[in-house]
Amino acid sequence: VEALIEEARDLRATLALESAMQRVEEAIVLDGAHVAARTLASDLRAQIADRTFNRIMSEGFSALQSENPDSAIAAFERALAMRPGSSQAQEAIIQTQDQIAVAQITANRVAAEAFQEQERWADAVQEYEAALAIDANIIFAVQGKDYATKRQQLDQLLQNALDQPER
């Protein structure tokens, strides 16, 4: 038992945690009442869980850097499932959702401005409304929607006048 525990400690020192856990489990099978073996097993389980949590969080941040926010959120949610209430995982999810929102708002702005250049006012209004659905306080969207709506109304009035010249 002592030899297995010593071997497990050596393996733990080299970060071969799963192999160390196997040796400790073998020692516990031989002597289930051995306090040092049980303590070491508990410590190893905690280390393995920490390493797994950190690996999953790293996967999430790598996915985020690779501009794959859906995979990032999935990884962070797996980490949160491992450690419910983890502020690190919760903050990473919020950060990722914020990045998704910013990217969508930027896409809406670019599209709205392109539609304005083409004088496609209804489409521009839709893009501004989509940005405002994400965040109702975005100044460019509030102002852009107001301007595009007025231009859309003006175009409609002009089109009505052209369609009904007798009026």
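Colleague: In this predicted model, is Val24 buried or exposed, and what is its relative accessible area?
Modeller: Val24 lies in helix 2, and a residue counts as buried when its relative accessible area is under 20%. The value computed for Val24 falls under that cut-off, so Val24 is buried, with a relative accessible area of 0%.

Colleague: Which residues does Val24 touch, not counting residues up to four places away in sequence, and how far is Val24 from Arg38 in space, C-alpha to C-alpha?
Modeller: Leaving out residues up to four places away in sequence, Val24 touches Ala8, Ala37, Leu40, Ala41 and Leu44. As for Arg38, Val24 and Arg38 are 14 residues apart in sequence, and their C-alpha atoms are separated in space by 7.9 Å.

Colleague: Where does His34 lie, and which backbone nitrogen does its side chain reach?
Modeller: His34 belongs to the loop between helix 2 (17-30) and helix 3 (35-65). His34 has a relative accessibility of 16%, and because buried means under 20%, His34 counts as buried. Its contacts, apart from neighbours within four places in sequence, are Val1, Glu2 and Ile5. The side chain of His34 also reaches, at 3.2 Å, the backbone nitrogen of Ala37.

Colleague: Are helix 3 and helix 5 roughly parallel or roughly antiparallel to each other?
Modeller: Two packed helices are described by the angle between their axes and the distance between the axes. Helix 3 and helix 5 (residues 87-117) have their axes 11 Å apart and pack at an angle of about 10°. Angles under 35 degrees count as roughly parallel, and therefore the relation of helix 3 to helix 5 is roughly parallel.

Colleague: Which residues of helix 3 and helix 5 meet, and how do the residues of this contact divide into nonpolar, polar and charged?
Modeller: From helix 3 come Phe53, Met57, Phe61 and Leu64, which meet Gln88, Ala89, Ala92, Gln95, Thr96 and Gln99 in helix 5. The residues of this contact of helix 3 with helix 5 divide into six nonpolar, four polar and no charged.

Colleague: What is the relative accessibility of Ala101, and what distance separates the C-alpha atoms of Ala101 and Gln153?
Modeller: Ala101 is found in helix 5, and at 23% relative accessibility Ala101 counts as partly exposed. Ala101 and Gln153 are 52 residues apart along the chain, and the separation of their C-alpha atoms is 30 Å.

Colleague: Are the rings of Trp121 and Tyr147 stacked or edge-to-face?
Modeller: Trp121 in helix 6 (residues 121-134) and Tyr147 in helix 7 (residues 139-163) are 26 residues apart, and their pair links distant parts of the chain. Trp121 is buried, with a relative accessible area of 6%, whereas Tyr147, at 43% relative accessibility, counts as partly exposed. The ring centres of Trp121 and Tyr147 lie 5.8 Å apart and the ring planes stand at 80°, which is over 60 degrees, so the pair is edge-to-face.

Methods. Residues numbered from 1 in each chain as written. Predicted model: local features only at pLDDT ≥ 70, side-chain atom pairs only at ≥ 80, totals over all residues. Heavy atoms only, no water. Helix = DSSP H or I, 4+ residues; strand = E, 2+ residues; numbered from the N terminus. Buried < 20%, exposed > 50% of the residue type's maximum accessible area, 1.4 Å probe, protein only. Polar contact = N/O pair within 3.5 Å; in protein donor to acceptor, adjacent residues only side chain to side chain. Contact = heavy atoms within 4.5 Å. Axes fitted to C-alpha atoms, helices over the stretch in contact; angles between N-to-C directions. Parallel < 35°, antiparallel > 145°, perpendicular 65-115°, else oblique. Nonpolar A, V, L, I, M, F, W, Y, C, P; charged D, E, K, R; others polar. Phe/Tyr/Trp six-rings, centres within 6.5 Å; stacked < 30°, edge-to-face > 60°.
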